[in-house]
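I'm jotting down what I looked up, one entry at a time. The structure comes up next.

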Amino acid sequence: MSNNGQNGTTPLQLVIAWGFVGIPLAWGVLQTLVNAMALFR
């Protein structure tokens, strides 16, 4: 069996995809922690 004509996901595509997911997720977690810390002051 050969893999001709089947392209896999490149490492660059994976980094871009995780960036689209990870950056907003990290921002949301950070904002949640900042707001939660205000409750304990």
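Over residues 15–40 I found 96% helix and 0% strand, with the end C-alpha atoms 36 Å apart. I picked that stretch since the unreviewed UniProt entry annotates residues 15–40 as "transmembrane region"; such annotations may be inferred rather than shown by experiment.

A note on what I'm working from: this is a predicted model, where local features need pLDDT of at least 70, side-chain atom pairs count only at pLDDT 80 or more, and totals for chains, interfaces and linings use all residues. Residues are numbered from 1 along each chain as its sequence is written, and side-chain values use heavy atoms, with hydrogens and water left out.

Next I looked at the whole chain, which has one helix and zero strands (DSSP runs: H or I of at least four residues for helices, E of at least two for strands).

How far should helix α1 span? At 1.5 Å a residue (times one less than the number of residues), its 29 residues, 11–39, should span 42 Å, and the end C-alpha atoms are 41 Å apart, which agrees. I also noted a kink of about 30° in α1, centred on Gly19 (the angle between axes fitted to the seven residues ending there and the seven starting there).

Then I checked burial: 0% of the 41 residues are buried (under 20% relative accessible area; exposed is over 50% and partly exposed in between, with a 1.4 Å probe and protein chains only). Leu12 sits in helix α1 and counts as exposed because its relative accessibility is 58%.
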